[in-house]
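Welcome, and thanks for taking a look at this one. Please keep the sequence and the 3D view side by side while you read the briefing.

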Amino acid sequence: MTTHTDLTKAVDLSRKPKPLYARPTLLRHQSGLMNKMGTQPRITPTDAIDGVPVSELVAQYGSPLFVYSQRTIEHRYRELQSNLARRYPKVQPAWSYKTCYLDAVCRTYHKEGSWAECVSGMEVNKALRNGMPMNKVVFNGPAKDEPTLLAALKGGAVVNIDHFDELAAIEQLAKTHGLFPKVGIRLNMATGNTPRWDRFGFNLDNGQAWDAVRRLQAGGRLSLNGLHAHFGTFILDADNYTIGATKVTAFVNRLKRELGITLDYIDLGGGFASQNRLKTQYLPGDQVTPSLAQYAEAVTRGLSELDYAEHELPTLITETGRGLIDEAGTLVTTVLANKRLADGRRAVVVDAGVNLLYTAFWYNFEIETTAPVVGVPEPTVVFGPLCMNIDVVREHIMLPPLPVGTRLLIRPVGAYAVTQSMSFIHLQPAVAMIGPDGQHAEIRAAETLDDLVRNERVPEWIEAGPQPAAGRPATPGRPGTPVLPRLTPLSAADRAIRLN
Ligand SMILES: Cc1ncc(COP(=O)(O)O)c(C=O)c1O
């Protein structure tokens, strides 16, 4: 295969889709206090998402509210696809379901041509429900359940084996059902990023991966048709991909040379960083996160020594998650209260906390106001609504005083926040999507108390305990304890009250 020229600079696709037209407005100029870095930058409110006023979204769907931009999803996908395809002839992105498996989001990717990358039976079933044929599903993960595995093997899914026990289990399954399936194995290796990701797959550096291939061949049931390597996540140094892909390439060439194995695909996983800012990161994401063009260049440079004729090259599968969707997601939240902490710091309480932003434990999100706010910015702690000490959305951010009711935008939150959010203390909010023409719709309704209790059961002995014996005082947990009224479904009127 020919080597690649450095196209990173030639392809100057901006990270964001072309901004929508916004009416010019006059803003009161407001600067904060002076410090050693200079004055605080002017705080410019963002009152609309993709041209839709935040007030309109909240009026329709409530607060807190996750909002996805379809334009951004599509733009980023096309940017990734085209940057890879310019450098490598056979490219197939597979949307990493766990990053956000809302149907509307997945279907947007599938309409763009993406396959589905799944790591559980639930995710595979969701992909099938979203119209993906099994042979466009990549089935990864360390805990594949047997029924899904069987369906995946029969349906021609890309199945990447994680460990020796799984290899043996798949072999057994194939024997039982008279199958001779093609499978891939997952590799791990040192690529320069830390912490080292060696928990998944077979280690390439110490020979374990080679042993796995020999073991697979010796079984006589399975044939190897692909390799998978997900090097890590939020990898800020694109060169790690060149190192990893170069190692994988050497392995692929050795398989061909020594064992006569030719592959259909090389799956190099996900791991591209978004423009979010890790807590350990000094500079903001827009200054340090490599562009998709740089990642594409790094990946394909590593594949350039593949010892395959051009028309026989294995398909390059990618499983990008956060690098595709993070910037497409915004969390709208509302200020509930202001406080002064004992150490003098200002604090605000907002209606979205770590129940919705588990990711707040490692990111310093941007927090923007949606309307001009008067006052001097000062260091502020942003707390969520949970009655829990750990519920901190930002430990330190310069914000002006924020009156109760002020709407804020937290971003980027498109990756993992929705799939990892939980019904803890508060019910989960709605998720809306804004379409390319400014149309918008709910893509997940706000959770109700009915949703929350749907699978709960109260055992009969609690529901209908013995009645107090005549003349005996009631003792909790003993015969004679008062019987509670039976649980009844909420009335329509009760249900109408948003118990958020
Ligand atoms: C196997 C696999 N593929 C893809 C991804 C998506 O990774 P990212 O969001 O870092 O792109 C993950 C996430 O952990 C993963 O485990």
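Here is a short tour of backbone details, a helix pair and the ligand shell. Please bear in mind that this is a predicted model.

**Cis peptide bonds**

- Ser-63 and Pro-64 are joined by a cis peptide bond, with omega about 0°.
- Pro-64 sits in the loop that runs between helix H1 (54-61) and strand S5 (65-69).
- A cis peptide bond also leads from Arg-411 to Pro-412, and its omega is near 0°.
- To find Pro-412, go to the loop between strand S20 (407-411) and helix H12 (417-420).

- Asp-50 is a residue other than glycine with a positive phi, near 50°.
- The loop between strand S3 (48-49) and strand S4 (52-53) holds Asp-50.
- Asp-50 counts as buried because 22 C-beta neighbours lie inside 10 Å, and the cut-off for buried is 20 or more.
- Ile-425, again not a glycine, has a positive phi near 70°.
- Its place is the loop between H12 and strand S21 (430-434).
- Ile-425 has 13 C-beta neighbours inside 10 Å, so this residue counts as partly exposed; a residue would be exposed with 12 or fewer.

**Packing of H6 and H7**

- Two packed helices are described by the angle between their axes and the distance between the axes.
- Helix H6 (residues 164-176) packs with helix H7 (residues 208-219) at an angle of about 15°, and their axes are 11 Å apart.
- H6 is therefore roughly parallel to H7, since angles under 35 degrees count that way.
- The crossing in which H6 passes H7 is right-handed.
- On the H6 side the contact involves Phe-164, Leu-167 and Glu-171, which meet Ala-212, Arg-215, Leu-216 and Gly-219 in H7.
- By class, the residues of this contact of H6 with H7 are four nonpolar, one polar and two charged.

**Around the ligand**

- How many residues surround the ligand, and which are the closest?
- The ligand is surrounded by 16 residues, and the closest are Thr-233, Gly-270, Glu-319, Gly-321 and Arg-322.
- The shell around the ligand divides into 11 polar residues, three charged and two nonpolar.

Conventions:
Residues numbered from 1 in each chain as written. Predicted model: local features only at pLDDT ≥ 70, side-chain atom pairs only at ≥ 80, totals over all residues. Helix = DSSP H or I, 4+ residues; strand = E, 2+ residues; numbered from the N terminus. Axes fitted to C-alpha atoms, helices over the stretch in contact; angles between N-to-C directions. Parallel < 35°, antiparallel > 145°, perpendicular 65-115°, else oblique. Left-handed = near helix turned anticlockwise from the far one by under 90°. Contact = placed C-beta atoms within 7 Å. Nonpolar A, V, L, I, M, F, W, Y, C, P; charged D, E, K, R; others polar. Near = placed C-beta within 6 Å.
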